[in-house]
Amino acid sequence: SLEPVPGEPTTPDSTKTAASAPAITTPVQTTAVATQPLMKAEDQALISEWEDKIYPGTTIAGINVSGLTVEEAKKKIQKEKMDPIKDRQVRFRYANTSDYMSFWRLKVAIDETIYSDALALGKDGTPQDQLTYIKNGKSVNLIPVLTYDENYIKDTVNYAASIVRQTSRQSVAKRVDGKVVLKTNAQEETLDKEALTSAIKAAINFDPQNNKTINAVTTKSDTVVTQKELNQITTKLTSFSTQYGWSYDARKYNIKLAADMISGSLIMPGQEFSFNRSIGGGAGSSNGFKTSGIYVGLEMVQEPGGGVCQVSSTLYNILLNVGITPTERDNHGMLVSYLPAGMDAVIYAPDLDLRFVNPFDTPLYITASADGEKLTFNMYGAKGALGGYTYKYESTTYEINKAVIKEIKDKTIPVGAIVLDPSPKDGSKVRVDKLTYQNGILIKREKYTDNVYQRSDGILRTGSGKGKEVNKNWYVDRNVKQYPPDWDGPKD
């Protein structure tokens, strides 16, 4: 039961009637509800039509992509922004080496989130906002970001750092009184990997002409090579010579220059030697080499460095003598005269190099000398480094492609003169076998290299021009006069 409240009537409410209680009415306030005007059907259709299209006024890197689907925008940006840079390279130089990363190998591409961002512009507004955006547009320029293979850059920079260290380490020793010793205050270089990485990334951009070479930054510090390690070099392991007295002056000069650059090279265990790096990045005029005749393919051209391939070929043979298989070596396009077929090693920076790694657990030291007649390489190392093994090589020509000589009359030379231009050379295929001996006993014979030399045809020009007749047996071949094998030379 309910207790009565003091001061209040005791009659329960349930006993009140409508007649006995006055009616009380309270006015009700109403608020007007905001309503959107109904959108015309054609406007709704217009919004739907643009649902998968990029709204007007949108550009990517300044290229108008308004009204395009994502796929259409990709194709347009690819054509106008990516195609012009698809052949770009990031060029850099370290340790006398010019190198590059192609955009293709770097996997350079546009971060594709920019296309979804472009499509989303204006799509989150009200239908009326979207309609206004479609009809009036809004100027928005999105800046694309290029992506690339981070691991490829990291691996390349790490490799460059190792080459910088190895190449600088080659020159820290000298040979004095038959002993290899550290030079005074011998130093080696360390690559600034962070600086090179940043420079490479900065060069990955949309500029189709930005091919400036990045010069790697290095710092010098005391070498880690010790005299104790050099004391292991006690023995001449091998020596090899070729003759070059027949060369003209520029060729002789280049041979001596390259030999001097190579001489004194120290190769520590597991480290790589590069011929091109060791002569300053290749036999170019910037490295002091003179212009002379070299073969590029089958054509004789005048370029700096003629004769340097004889230096690399002679070095190749001391590697063979100690059983070192080069990590890079190619034969010439045509046979050379100073070595048996298959025993040569062509170099032509930056594409062709002679490289090898020291496979022994002790250092190697190389010297070279060129006296105008004979080029000689010596390799020194630890006594017993070869473990009683010696090596020989046999060269066998198993296919010959005879050169063809075409005869024509030439009014530019006098009657009786005969000019052979160029000198014909037979093509051939040559197999080189490696014979391994242990303590003088043949224990293994194996195929070592297969070498293909191209045929070079000649043109025999018979003089028909006016002038004093000359001895008809006189052959002229560019720089060197040649005579028939059964003839003892010109009579005049």
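Which residue lies over the face of Y437? It is K392, placed 5.4 Å from the ring centre. Keep this pairing in mind as you go through the views below, and remember that the model is a predicted one.

**View 1. A lysine sits over an aromatic ring in the region of Y55.** Here K123 lies over the face of Y55, and the distance to the ring centre is 3.9 Å. Y55 also has an aromatic partner: together with W50 it makes one of the 5 aromatic pairs that a search of the whole structure finds. A pair of aromatic rings is described by the distance of the centres and the angle of the planes. Are W50 and Y55 buried or exposed? Both are buried. Ring pairs bring in Y133 as well, so that W50, Y55 and Y133 belong to one cluster.

**View 2. Helix α4 has buried residues along one face.** Helix α4 covers residues 113–120, and I114, Y115 and A118 are buried in it. After α4 comes G122, which has a positive phi near 80°.

**View 3. The largest nonpolar core has F275 and F377 among its members.** This core holds 45 residues, and F275 and F377 touch the most other members. At least two residues come from each of α9 (249–262), α11 (308–321), β19 (364–370), β20 (374–381) and β21 (389–401). Which of these elements gives the largest share? That is α11, with 8 residues. Now follow F275 itself: setting aside neighbours within four places in sequence, F275 is in contact with I262, V308, V311, S312, L315, I347, D353 and L354. There is also a second, separate core of 43 residues, including A73, V157, V164 and I204.

**View 4. Oppositely charged side chains form salt bridges.** Side chains of opposite charge can pair when their charged atoms come close. A search of the whole structure finds 20 salt bridges, and a few of them are shown here. In the bridge between D457 and R455, the closest N and O atoms are 2.9 Å apart. D457 is partly exposed at 32% relative accessibility, and R455 is partly exposed at 30%. For E446 and K444, the closest N and O atoms are 3.8 Å apart. E446 has a relative accessible area of 27% and is partly exposed, while K444, at 45%, also counts as partly exposed. A further bridge joins K53 to E49, with 3.9 Å between the closest N and O atoms. K53 is partly exposed at 25% relative accessibility, and E49 is partly exposed at 47%. Salt bridges can also form a network, as they do for E272, R277, E328 and R355.

View 5. Most residues other than glycine have a negative phi, and most peptide bonds are trans. The phi of A95 is about 50°, although A95 is not a glycine. At 21% relative accessibility, A95 counts as partly exposed. K107 is another non-glycine residue with a positive phi, about 60°. You can find K107 in the loop between α3 (103–106) and β5. Is K107 buried or exposed? K107 counts as exposed, at 55% relative accessibility. Finally, the peptide bond from A349 to P350 is cis, with omega near 0°. P350 is in the loop between α11 and β18 (355–357).

Definitions and conventions: Residues numbered from 1 in each chain as written. Predicted model: local features only at pLDDT ≥ 70, side-chain atom pairs only at ≥ 80, totals over all residues. Heavy atoms only, no water. Salt bridge = Lys/Arg side-chain N within 4 Å of Asp/Glu carboxyl O. Buried < 20%, exposed > 50% of the residue type's maximum accessible area, 1.4 Å probe, protein only. Helix = DSSP H or I, 4+ residues; strand = E, 2+ residues; numbered from the N terminus. Phe/Tyr/Trp six-rings, centres within 6.5 Å; stacked < 30°, edge-to-face > 60°. Lys NZ or Arg CZ within 6 Å of the ring centre and 35° of its normal. Core = buried A, V, L, I, M, F, W, Y, C linked by side-chain atoms within 4.5 Å. Contact = heavy atoms within 4.5 Å.
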